[in-house]
Amino acid sequence: MKKAAYNILPGTEDILKTMGEQIKLARLRRSLSAELVAERAGITESEAESYAEEILATVKQNWERISAGYGLTRRQIEEMRPAFSACYE
């Protein structure tokens, strides 16, 4: 099945990032596991794994371009590479 490609506007991306951070903080304050929250949201383990893989693929495809867009030098980007090692495993 072909995955849909989305072009997210920067403002929308910021809102989604903030919302994700708030959900994570709320989950941590309540000492809930990510698995339990996913279950309560009706997301199966395989769906959660699929979402995680899609997120990793998106990060892998875009982190260098976004870093350069923020004005980071090639050297700075290379120094950041270990932080994104999970994308390449």
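Reader: Which residues of helix 3 are buried?

Author: Quick heads-up: this is a predicted model, in which local features need pLDDT of at least 70 and side-chain atom pairs count only at pLDDT 80 or more, while totals for chains, interfaces and linings use all residues. Residues are numbered from 1 along each chain as its sequence is written, and side-chain values use heavy atoms, leaving out hydrogens and water. Helices here are DSSP runs (H or I, at least four residues; strands are E, at least two), numbered from the N terminus, and buried means under 20% relative accessible area, exposed over 50%, partly exposed in between (1.4 Å probe, protein chains only). In helix 3, the buried ones are Asn62, Trp63 and Ser67.

Reader: Which helix do those buried residues pack against?

Author: Take Ser67, which counts as buried because its relative accessibility is 8%. Leaving aside residues up to four places away in sequence, Ser67 touches Leu72, Ile77 and Met80, where contact means heavy atoms within 4.5 Å. The buried residues of helix 3 pack against helix 4 (74-80).

Reader: Where does helix 3 bend?

Author: Helix 3 covers residues 45-69 and reaches 35 Å between its end C-alphas, close to the 36 Å expected; the expected span is 1.5 Å times one less than the number of residues. A bend at a residue is the angle between axes fitted to the seven residues ending there and the seven starting there. Helix 3 bends by about 45 degrees, and the spot is Asn62.

Reader: Is Ile55 buried or exposed?

Author: Ile55 sits in helix 3 too. Its relative accessible area is 55%, so Ile55 is exposed.

Reader: Why are Glu78 and Arg74 separated by about one helical turn?

Author: An α-helix has 3.6 residues a turn, so residues three or four places apart point the same way. Glu78 and Arg74 are about one turn apart because their spacing in helix 4 is four residues.

Reader: Which residues make the nonpolar surface patch of about 280 Å²?

Author: Patch members have over 30% relative accessible area and no salt bridge; like charges are joined within 9 Å, nonpolar side chains (Val, Leu, Ile, Met, Phe, Trp, Tyr) within 5 Å. The areas come from the Shrake-Rupley method with a 1.4 Å probe, and for residues only the protein chains shown count as cover. One of the members is in helix 1 (residues 10-29), namely Met19, which counts as partly exposed because its relative accessibility is 43%. The patch is made by Leu16, Met19 and Ile23.

Reader: What is the phi of Ser31?

Author: Most residues other than glycine have a negative phi. Ser31, in the loop between helix 1 and helix 2 (34-40), is exposed, given its relative accessible area of 66%. Ser31 has a positive phi, near 55 degrees.

Terms used: A salt bridge is a side-chain nitrogen of Lys or Arg within 4 Å of a carboxyl oxygen of Asp or Glu.
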